[in-house]
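Subject: Structure for you to look at

Dear colleague,

I am passing on the structure we spoke about, and below it you will find an account of what came out of going through it. Please keep it open beside the text as you read.

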Amino acid sequence: MVLTYSEANAWVLDGPISRLPPETDAETLGIAVLKALDLSRGGLPDLTRDSKPSKPLLELFEVSSYNAYMKRMKSVSVALEEIGGIFKVTPDVNAGTNEGFTPLIEHRVETHFDTPEELGQAILEAFTKAR
């Protein structure tokens, strides 16, 4: 699954959710992530007490709570530095609903990727380290 997050007073799910099958090849994954990065933006309105940022995920997975969504979920974060065009691919640890996903900085890869396939391959490799 590829998600677009944008910045408000917190990172907020903002944009379409691409649900890819487990057998997705590296190039297709890389293309989906590049599209999601292109949609990410800043300056969204701040979240309020009434905000429900996880609602689209809960509906997609047909679960009743964020806790149910987080169970057994693995995550890899991908960021693109605007200056220099360096990608940061970071596997995460699922620390549960209170802590969320915590980056495994020691396994982060920071580099340029010449093709979507190279980016997708780095993401697939990062998933082997995600917990």
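Contact, as the word is used here, means that heavy atoms lie within 4.5 Å of each other. On that basis, and leaving aside its neighbours within four places in sequence, Phe113 is in contact with Phe87, Val89, Glu118, Leu119 and Ala122. Please bear in mind throughout that this is a predicted model.

As to confidence, the mean pLDDT of the protein is 81, and 79% of its residues reach 70 or more. Among the elements, helix 5 has the highest mean pLDDT, 94, whereas strand 1 (residues 5-7) has the lowest, 58. Where pLDDT is low, the predicted coordinates should not be read in detail.

Phe113 also belongs to the largest nonpolar core, which has 13 residues, and it is one of those that touch the most other members, together with Val2, Val33, Val89, Leu119 and Ile123. Helix 1 (26-39), strand 4 (87-94) and helix 5 (116-127) each supply at least two residues of this core. Another core, of five residues, lies apart from it and includes Leu58, Tyr69, Met70 and Met73.

Turning to the strands, strand 4 runs antiparallel to strand 3 (residues 76-80), and five bridges join the two; within this pairing, Leu80 has Phe87 of strand 4 as its bridge partner. These two strands form a hairpin with six residues between them, and Gly84, in the turn, has a positive phi of about 95°. Strand 4 also pairs in the antiparallel sense with strand 6 (residues 109-111), over three bridges, and there the partner of Val89 is Val109. Three bridges likewise join strand 4 to strand 5 (residues 101-103), again antiparallel, with Thr102 of strand 5 as the bridge partner of Val93.

Finally, how do helix 1 and helix 5 pack, in angle and in distance between their axes? The angle is about 95°, and the axes are 7 Å apart. Since angles of 65 to 115 degrees count as roughly perpendicular, helix 1 is therefore roughly perpendicular to helix 5. On the side of helix 1 the contact is made by Ala26, Glu27, Leu29, Gly30, Ile31, Val33 and Leu34, while helix 5 contributes Pro116, Glu117, Leu119, Gly120, Gln121, Ile123 and Leu124. Val33, Leu119 and Ile123, which take part in this contact, are also among the core residues that touch the most other members.

With best wishes

Key. Residues are numbered from 1 along each chain as its sequence is written. This is a predicted model: local features need pLDDT of at least 70, side-chain atom pairs count only at pLDDT 80 or more; totals for chains, interfaces and linings use all residues. Side-chain values use heavy atoms; hydrogens and water are left out. A nonpolar core is a set of buried Ala, Val, Leu, Ile, Met, Phe, Trp, Tyr and Cys residues joined through side-chain atoms within 4.5 Å. Buried means under 20% relative accessible area, exposed over 50%, partly exposed in between (1.4 Å probe, protein chains only). Helices (H or I, at least four residues) and strands (E, at least two) are DSSP runs, numbered from the N terminus. Two strands pair if DSSP finds at least two bridges between them. pLDDT is the predictor's confidence in each residue, from 0 to 100. Axes are lines fitted to C-alpha atoms, for helices over the stretch in contact, and angles run from 0 to 180 degrees between N-to-C directions. Angles under 35 degrees count as roughly parallel, over 145 as roughly antiparallel, 65 to 115 as roughly perpendicular and the rest as oblique.
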